[in-house]
Amino acid sequence: MHHDHISLFAAVAIAVAILGAWTALDLFGRMRAHLGSTRIKWLGVAALVLGISIWSMHFIAMLGFDPGSPVSYEIGLTVVSFLLAVAGTGVAFLLKIVNAVAFLTASRPGSKRFVLPAGGLLMGLSIAAMHYVGMAAVRTTATLGYRPALVALSVLIAVVASTAALTAARRERSQGWRALAAVILGLAIASMHYTGMAAVILAPSSHITHVGGASPVALAAAVTAGCVTILFLALGASILDQRTNVLSAIDAGGVGFWEAALPLRSPILSDRAREILSIPHDARLGPTEIGDRLSPEDLPIHLAALARAMAGEADYDQEWRLAGTNRWFHLRGRLIRSRSGRPMRMSGVITDITDRRQAYQALADSERQQRILINELNHRVKNTLATVQSIARQTARRTPDIKMFTTLFEARLLALSNTQNLLTAGNWEWVDLRDLLVQELAPYADEQVHLNGPSVSLNPLQTQGLGMAFHELAVNAAKYGALSAAGGQVRVDWSLNNGVLLLDWVESGGPAVRSPERRGFGSDLIDSTINRSLNGSAALAYPPEGFAFSLRLPLGDTSETVA
């Protein structure tokens, strides 16, 4: 007896084998994106899918088997053949990836190289067993025998194809390699089946009564539809898992995801994207949802950039401030086309860049403040050098020898330095008048000095000018006035009147005072500093009972007072 194979069933069987191989390789790709128990689950799904596709390929091809008489199948053996296909591929895949036999070979270096051949052998034997158990389920008016050589060849093909499947599952990365590997695996599995069928020898038998069954075409259609449905569901699960992983990674980085179909429709926004744009999680979105979050002056620029991106001229890449807030976000998007080049959708990410914007603003403010400080420092250094130059010139003019010049000049520089120290302690902003007087009169006995007045803040220019003036007054009192006698006293009283500082320096208990015969350094200093630089007025009096100094200085808006 002869048997034929209808070519339609053969073509469908090969197509199912190739699609199953492609799906299994894709699922292995998903396995690489996971760790732990989730990886094992995807391995199990991949093995199940490949086992189903191999069994379906075998069953569809068997539906094309025509021994010249009606054919039916024994249900029990058919189910066993299915279980052999799934179990064999599943165990082989798990053996390869999980390395279940590692504990048996760990003590021998290089023993892991045998895991791949062992897995290929186990998988190949299970496929061969599936095929021949499925053949045993055939019920027809003929008995089936086999040519041993071709049976052995079919088993060899099954083992080689299985080893190739495990190798491809381990190494495939690109779409091109996956397509090539799927075609090779599908053809190899089909070759094993038809080699096994070529080994069949049919002999007439009068003892077997054929029981009619369903049409082979109907069964082939049902099996094919079921198998293809399962494979597409597996591919859909793989795609969904990949998308979920990508979105999870994006969300973990604090980045929002958005996507919109073209022509521009209501976008899809991830939870993080809604949070960045201050959109409630349950709010319905409109086509202009993102643009509605921009200020009116930013909207035209956004629309122009969006139009260029939708036309494929450039990616969308803009930074915007959320209208009515101080928050900023970075919006990026790219046009996605179909294989034919037709624009399909736009997708991208949204990042909250408020911290970065604030850092940039703080840096700009810091740089601006630094420039101001440098300019102010240059100004103050020039003023200080000018003051030192004036002190040196005035001191030299009124001293007969180098020794006296050195003594006076050093004392006046020290007074200037002490004033600078007070300014530094006040961050070169404000110095209290009392602190300035205490510093200049610190060398003298407490019972000889009396200070009375409110807290008055002086700016740096006022501090430097008054500091030099008080130094000259203190030195003059110590040399010629009240502080030169044990019972002498210096009393300084001050007050504020409508922003004007009123200060009186009165000496008593010292030697009799008389007017100087010539104008000294102190008089010149007070005149140049207070009367000219500070726009104040100062008067010196020399009654016999004690020297007196009065000051009227407008402080303006540059001072602060505390009662």
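Hi everyone. Let's start with a pair of side chains: Glu507 and Trp505 are joined by a polar contact of 3.1 Å. Please keep in mind that this is a predicted model.

So where does Glu507 sit? You'll find Glu507 in strand β16, which covers residues 500–508. Its side chain also has a polar atom 3.2 Å from the backbone nitrogen of Ala482.

Now, is Glu507 buried or exposed? Glu507 is buried, and it has no salt bridge. Lys479 is the nearest side chain of opposite charge, and that is 13 Å away. A salt bridge needs the charged atoms within 4 Å.

Who else touches Glu507? Setting aside neighbours within four places in sequence, its contacts include Leu473, Ala477, Gly481 and Ala482. Gln489 and Val490 are also among them, as are Glu545, Gly546 and Phe547.

Let's move to another part of the model.

As a quick reminder, strands of a sheet pair through backbone hydrogen bonds. Take β7, residues 255–261: 2 bridges join β7 to β8, and the two run antiparallel. If you look for Glu259, you'll see it opposite Ile268 in β8.

Definitions and conventions: Residues numbered from 1 in each chain as written. Predicted model: local features only at pLDDT ≥ 70, side-chain atom pairs only at ≥ 80, totals over all residues. Heavy atoms only, no water. Helix = DSSP H or I, 4+ residues; strand = E, 2+ residues; numbered from the N terminus. Buried < 20%, exposed > 50% of the residue type's maximum accessible area, 1.4 Å probe, protein only. Lys, Arg positive; Asp, Glu negative; His and termini not counted. Polar contact = N/O pair within 3.5 Å; in protein donor to acceptor, adjacent residues only side chain to side chain. Contact = heavy atoms within 4.5 Å. Pairing = 2+ DSSP bridges.
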